[in-house]
Every structure is written in structure tokens, then in C-alpha cells.
Amino acid sequence: MSRRRTLGTKKKIALLVSAATVAGGGAFVMASTSNAAPTPKSASESTVCLGLATALGNNQKFIADQRARPDALSEARIANREAVVAEIKRKQEASGCVVGESAQDSQAAQPAQPSAPAASAPAASAPAAPPAASAPAGNGGGGAAAGQQVCNGSTVTLSGEGGAPAASSNQFPAGTKLKVTNLDNNKSTTVEVTSVSGSCVLLNNAAFEQVREPGKFLIRRAVIQKVG
């Protein structure tokens, strides 16, 4: 009788140890699952989202500028760009980006150059010079010589417009030809400026496809040249 009681006690201990081991393992799995950090976006995903946000910001700025200074074609331009904005938002959603997130092109957001310090003695009652006639802001203006590098430091994004390869710009008039080279893959395209935008140079969908890296909507390292 005593031998059977001893064996029964050992079995009970073994069962208790096994149950504790299983419970402990389950608790560990639950703790590991609850403490897991969210998976961060990859560098490729971040670049895609930044490119789309920059493109969205450029188009929204263009729309705001057209509304602030309308002309006879502003209504048509705004309608076109609103369709482009909707398309960019669809791409943001499909790419897992924050829909509606926008960022202005770094070139468009550059601060103005500080003015030269005033002379110690002001000129005697000289009439103020009239303001310059709405020259486009930023570097690399339309007066650049053929072959000269322009839009220095600008990133390049897409305008979202369809049609044959073309560009839009706030620096160059329609008809200007620009060569855009993506230094990350050494691909180039030469396009004609056909419309106005809120950035030094934006490529439409067809032109952007000719020079971009697969899956990216932003060219960080670009050389832009005015051609004859």
C-alpha cells in the first residue's frame, strides 16, 4: 500500500511540473507577441512615399498659386491638377503611404538669399526703383545658356500628367527643352516644357518612366541641363 502511495505522489509531481512548463511556455509566447514592435517601413517604401508626398505638395502648391493669381486658363489648369492630385492619393493608398501626406519640393522651399547690407549713408531722396516684373523665383532661371546646368539641388518628381513625355516648370517658358539625368541609374531624357508647375522641373508620367528606378517616385540625385 505504501509503495503505491509513493508512486502516486511522484506521478502527481511530474504532472505538476509538466503543466507548469507548458503554462510558462505559453506565457513566454504571449509576452513575445505583445511586446513585438511594429515592422518599420523599408528604405524603398520610404522613398516611394516621400516621392509621392513631394509630387502631391508640388501640385497642391500649383493649385494654390493659380487660385491666388488667376488668369484666363487657371480654371482649366486647376481642374487638370485636381485630377492629378486624386491619382497621386490613389497611388499613396496602393503603396501603403499616408494618404494626403504632402511635402514641398526642397528647391521650392529654399529661403530667399539675404540682401546685401545697406550702405552707411543712404542716398539723398533717390526715387525707389520699380519692382521687377514677376521674374520666377529660384535658381536656374529661363535665361540660362544652352548646355548650362540648371535647377541645382532640385529633386525631381512626377507631375502626374499623361500624354507624350514632357515637363512643366515655374522657371522656364513653354518650348524650353531640358535634359534630365538620373545619376542613380545614369538614365536620361530630353523633354520640352509644355506647362506651368510649382517647381523648377516636374516630369509627366511618360517622361518620369524613362529615367526613374523601378518602384520609385523620387529622383534625389539629378542633373538638369538646358539644351538648345
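**Before you click**

You're looking at a predicted model, where local features need pLDDT of at least 70, side-chain atom pairs count only at pLDDT 80 or more, and totals for chains, interfaces and linings use all residues. Residues are numbered from 1 along each chain as its sequence is written, and side-chain values use heavy atoms, with hydrogens and water left out.

**Stop 1: the sheet**

Switch to cartoon view and colour the strands. Helices (H or I, at least four residues) and strands (E, at least two) are DSSP runs, numbered from the N terminus. Six strands make an open sheet with mixed pairing, in the order β1-β6-β3-β4-β2-β5. Two strands pair if DSSP finds at least two bridges between them. Which strands sit at the edges? They are β1 and β5, each pairing on one side only.

Now zoom in on β1 and β6. These two run antiparallel and share two bridges. Select Val150 and you can find its bridge partner in β6, Ile224.

**Stop 2: two disulfides**

How many disulfides does the structure hold? There are two, a disulfide being a pair of cysteine sulfur atoms within 2.5 Å.

Start with Cys49 and Cys97, whose sulfurs are 2.1 Å apart. Their link is left-handed, at -85 degrees about the S-S bond. Cys49 sits in helix α2 (residues 43–68) and Cys97 in the loop between α3 (74–94) and β1, so this pair ties together parts that are 48 residues apart in sequence. Cys49 and Cys97 are both buried; buried means under 20% relative accessible area, exposed over 50%, and partly exposed in between (1.4 Å probe, protein chains only).

Next, select Cys151 and Cys200, joined with an S to S distance of 1.8 Å. This link is left-handed too, with -65 degrees about the S-S bond. Cys151 is in the loop between β1 and β2, while Cys200 is in the loop between β4 and β5 (202–203), so the pair ties together parts that are 49 residues apart in sequence. Both Cys151 and Cys200 are buried. Number the bonded cysteines in sequence order and the pairing reads 1-2, 3-4.

**Stop 3: two positive phi angles**

Most residues other than glycine have a negative phi. Stay on Cys151: its phi is positive, about 55 degrees, although it is not a glycine. Its loop runs between β1 (149–150) and β2 (167–169).

Then jump to Asn186, in the loop between β3 (177–182) and β4 (187–196). Asn186 has a positive phi as well, near 60 degrees. Is Asn186 buried or exposed? Its relative accessible area is 64%, so it counts as exposed. Cys151, at 2%, counts as buried.

**Stop 4: the nonpolar core**

A nonpolar core is a set of buried Ala, Val, Leu, Ile, Met, Phe, Trp, Tyr and Cys residues joined through side-chain atoms within 4.5 Å. The largest one here has 31 residues, and those touching the most other members are Cys151, Val156, Phe172, Leu178, Val201, Leu203 and Ile224. At least two residues of this core come from each of α2, α3, β3, β4, α4 and β6. Its largest share, six residues, is supplied by α2.

Select Leu203 and show what surrounds it. Contact means heavy atoms within 4.5 Å. Not counting residues up to four places away in sequence, Leu203 touches residues including Val156, Val180, Val191 and Phe208.

**Stop 5: salt bridges**

A salt bridge is a side-chain nitrogen of Lys or Arg within 4 Å of a carboxyl oxygen of Asp or Glu, and the structure holds nine of them. Asp71 is partly exposed at 41%, and Arg77 is partly exposed at 23%. Then select Lys61, Asp65 and Arg69, which are linked in a network of salt bridges.

Finish at Arg212, in the loop between α4 (205–211) and β6 (222–227). Arg212 forms a salt bridge with Glu209, with the closest N and O atoms 3.0 Å apart. Glu209 is partly exposed at 49%, whereas Arg212 is buried at 15%. Leaving aside neighbours within four places in sequence, Arg212 is in contact with Asn182, Asn185 and Phe217.
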